[in-house]
Amino acid sequence: MELKKYIRDVVDFPNKGIIFKDITPLLNNSEAMQTASDELFNLIPNFKVDKVVGMESRGFFFGPLLAARLTAGFIPVRKPGKLPCEVVSEAYALEYGTDTLEIHADSIKKGDKVLIHDDVLATGGTASAVCKMVERLGGEIVQCNFLIELDFLQGKNQLKGYNIASLLHF
């Protein structure tokens with residue numbers, strides 16, 4: 001199945017000059033969503049994963065599905081003020097600004113094997129911030145896994161030293 005045909009470009013969203021990769025057509029098609037889920041799972045080498053970390057909000061679509069298939073826990077990373085308990089925070093740069101993410105301070109134990117999942121690897125700022133938080137909590141990152149990688153933005157440069165896997169490249 002050609003999954004790229006289910007990714008829609010939205011011009012000037014969320015800011016002028018940005019071409020947003022909209023995955024909602026993929027999510028709206030059960031066959032495309034199942035294929036993407038299977039192929040994302042197949043990108044993960046055969047190693048132990050204790051936790052899957054997904055970033056708000058589109059990392060929440062496939063992250064829990066991957067966690068269930070890996071018999072791992074799922075940890076949401078959210079924007080400030082959305083998690084109810086003690087958090088660890090990290091500021092980061094976006095393709096179109098800056099933001100901060102938070103993770104529960106008790107979500108990862110020292111030595112946990114962690115798969116980080118998000119929908120898009122753009123500049124790498126979001127994933128890099130999450131890697132820093134996971135490592136600060138004692139987690140060992142086994143892979144950063146993405147549905148889409150925007151190759152022209154070279155986000156991999158922010159993630160040197162990590163195993164990176166992306167299903168679709170634009």
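1. S3 and S4 run parallel and are joined by five bridges; strands here are DSSP runs of E, at least two residues long, and helices are runs of H or I, at least four, with numbering from the N terminus. One of the contacts between them pairs Lys-51 with Gly-73 as bridge partner in S4. To get from S3 to S4 the chain passes through H3, and this β-α-β crossover is right-handed, a label meaning that the path from the first strand over the helix to the second runs clockwise when the strands point away from the viewer.

2. A word on what you're looking at: this is a predicted model, where local features need pLDDT of at least 70 and side-chain atom pairs count only at pLDDT 80 or more, while totals for chains, interfaces and linings use all residues. Residues are numbered from 1 along each chain as its sequence is written, and side-chain values use heavy atoms, with hydrogens and water left out.

3. On its other partner, S3 (residues 51-55) pairs with S7 (residues 113-121) in the parallel sense, over four bridges; two strands count as paired if DSSP finds at least two bridges between them. Lys-51 sits opposite Val-114 in S7, and Gly-54 sits opposite His-117.

4. Zooming out, the order S4-S3-S7-S8-S9 gives an open sheet of five strands with parallel pairing. Strand S4 (73-77) and strand S9 (164-169) are the edges, each pairing on one side only. Neighbouring strands are turned by 20° against each other on average, direction ignored; axes are lines fitted to C-alpha atoms (for helices over the stretch in contact), and angles run from 0 to 180 degrees between N-to-C directions.

5. How covered is S3? Five of its five residues are buried, buried being under 20% relative accessible area, exposed over 50% and partly exposed in between (1.4 Å probe, protein chains only). Lys-51, Val-53 and Met-55 are on one side, with Val-52 and Gly-54 on the other.

6. Helix H3 (residues 59-69) lies across S3, S4, S7 and strand S8 (140-149), at about 165° to S4. Ser-37, in helix H2 (residues 30-42), touches Phe-62, Leu-65, Leu-66 and Arg-69, leaving aside residues up to four places away in sequence; a contact means heavy atoms within 4.5 Å. Ser-37 is buried too, at 6% relative accessible area.

7. The largest nonpolar core has 26 residues, and Leu-26, Leu-115, Leu-147 and Ile-148 have the most contacts inside it. Such a core is a set of buried Ala, Val, Leu, Ile, Met, Phe, Trp, Tyr and Cys residues joined through side-chain atoms within 4.5 Å. Helix H1 (24-27), H2, H3, S7, S8 and S9 each give two or more residues to this core. Another core, of 24 residues, lies apart from it and has Met-55, Tyr-92, Val-114 and Val-134 among its members.

8. And the cysteines? A search of the whole structure finds zero disulfides, with a pair of cysteine sulfur atoms within 2.5 Å as the criterion. Cys-144 is in no disulfide, and the nearest cysteine sulfur, that of Cys-131, is 3.7 Å away. Cys-144 is buried, with a relative accessible area of 0%, whereas Cys-85 is partly exposed at 48%.
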